[in-house]
Amino acid sequence: MVNALTIDVEEYFCYAYPGDEFPCQRWGELESRVVPQTLETLRILETHGIRATFFILGWVAQREPYLVREILDRGHEIGSHGYNHRLVFTQSPQDFRSDLQRSVDILADITGEMPVGYRAPSFSINGTCLWALDVVAEMGFSYDSSIYPLNIRHYGVPGMPAVPHELESGLWEFPATTVQVGPARMPFGGGGYLRLYPFLVTRWATHRANADGHPAMVYLHPWELDPDPPMRPRSRLHRFQHTVNLSKTRSRLLHLCAEFDFAPMGQVLGQFQAARAVPLGFAAAM
Ligand SMILES: [Zn+2]
C-alpha cells in the first residue's frame, strides 16, 4: 500500500503552542534556516525516488519563492499551511479565511496553480472550529489534512472517522494516522510522535494501518532535521515536544523511505477513492 508523506514547510521559530508563540511580527529578526533544511529534505526524498506533499507556509513562500518553484520542479505536490501559522481554534472565521486566502494567492502567483490541499498549523482544527472545513471547501481545495481523530489537550475531534473520508461539502479529509492499542487510540507517524516513540512503534503502526486496508500519513518539518535549533519554546512541556530526539529525525526518515512506499497525499487519496469505487466482489479478487 502507498502511504502519504507530507512536509510542513516553516521556520524553526514558527511554532504555535497555546500561549507559547514567538510573535510573527518579529520573525524577520531571526536567522532563516528553512532553505537549506528544505533542500536537504528534498535531497533525501530524491535519493529514494519519493515524491511528497509540501504544505508551505505563506510567509515562507513570500520570502523564498525560489524554494517553492524548486519543490514543484522536483515533482512534489504543493499544499497550503496558511500564511502566518496561527492556531485555527484561536481565529475568527473571517481572520482564518483572510489568512488562508493570502497564502493561496502567494502560492498561486509563484506556481500558476491553486494549491490542492490544506494543512492547518499544528493540526489545530478541533471541535470548536469545524466551520474552518467549510471555508477550506469553499476556497476550492480538494482535500484537508488538519485533524487528529481523538482528543489531545486542545487538539483533535474525537469521533471523527480515523481514515480518509468525504465530508458533506465534497472536501476530502485525510486525518492524522492513529491506531487502536487495547482500549486506546494512539497517534503516530509524524512530528513529535515520530521522534518520541521508538522507531519500531512507528514501523509497527504503519504496517498495522496498511494491514487494516488504510494508507498511513507521515508528516515532518524540515527544521526537525536540525538537531540544534537556535530558538526553543519557553514552556518546559512545549520545549520537550518541540525538540525531543531531533537528532533521530534524519535516520527515521531514511528508514521510512527505505521500507515503505510513499506518494503525495493527492495521489494516495485518488488511489483510496478508486479502490472504494470498485465493487466489493472485484476488490476481493484484486
Ligand atoms: Zn506547522
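A residue is called buried here if 20 or more other C-beta atoms lie within 10 Å of its own, exposed if 12 or fewer do, and partly exposed in between, with C-beta atoms placed from the backbone. The structure is a predicted model, in which local features need pLDDT of at least 70 and side-chain atom pairs count only at pLDDT 80 or more, while totals for chains, interfaces and linings use all residues. Residues are numbered from 1 along each chain as its sequence is written.

**Confidence**

Colour the chain by pLDDT, the predictor's confidence in each residue, from 0 to 100. The average for the protein chain is 92, and 97% of the residues score at least 70. Next select residues 280–286, where pLDDT stays under 50. For this stretch the model has 2 contacts beyond four places in sequence, a contact being a pair of residues whose C-beta atoms, placed from the backbone, lie within 7 Å. Where pLDDT is low, the predicted coordinates should not be read in detail.

**The core**

Select Val9, Phe54, Ile56, Ala132 and Val218. Within the largest nonpolar core, which has 70 residues, these five touch the most other members. Such a core is a set of buried Ala, Val, Leu, Ile, Met, Phe, Trp, Tyr and Cys residues joined through C-beta atoms within 7 Å. Helix α4 (residues 93–111) gives the most to this core, namely 5 residues; helices (H or I, at least four residues) and strands (E, at least two) are DSSP runs, numbered from the N terminus. Now centre on Phe54: apart from neighbours within four places in sequence, its contacts are Ile7, Val9, Ile71, His76, Ile78 and Gly79.

**Two helix pairs**

Display α4 together with α3 (residues 65–73). The two helices pack at an angle of about 65 degrees, with their axes 9 Å apart; axes are lines fitted to C-alpha atoms, for helices over the stretch in contact, and angles run from 0 to 180 degrees between N-to-C directions. On the α3 side, select Pro65, Val68, Arg69 and Leu72; on the α4 side, Leu107, Ile110 and Thr111 make the contact.

Pro93, Phe96, Arg97 and Leu100 of α4 meet Trp131, Ala132 and Val135 of α5.

**Positive phi**

Most residues other than glycine have a negative phi. Is Ser122 buried or exposed? Ser122 is buried, because 20 other C-beta atoms lie within 10 Å. Move on to Asn245, in the loop between α8 (236–243) and α9 (249–259). Asn245 also has a positive phi, of about 55 degrees, but is partly exposed, with 16 other C-beta atoms within 10 Å.

**Last stops**

Select Thr206 in helix α7 (residues 199–211). Thr206 is buried, since 23 other C-beta atoms lie within 10 Å. Beyond four places in sequence, Thr206 touches Asn3, Gly189, Ala216 and Phe260. Finish at Pro161, in the loop between β7 (143–144) and β8 (165–166), which counts as partly exposed with 13 C-beta neighbours inside 10 Å.
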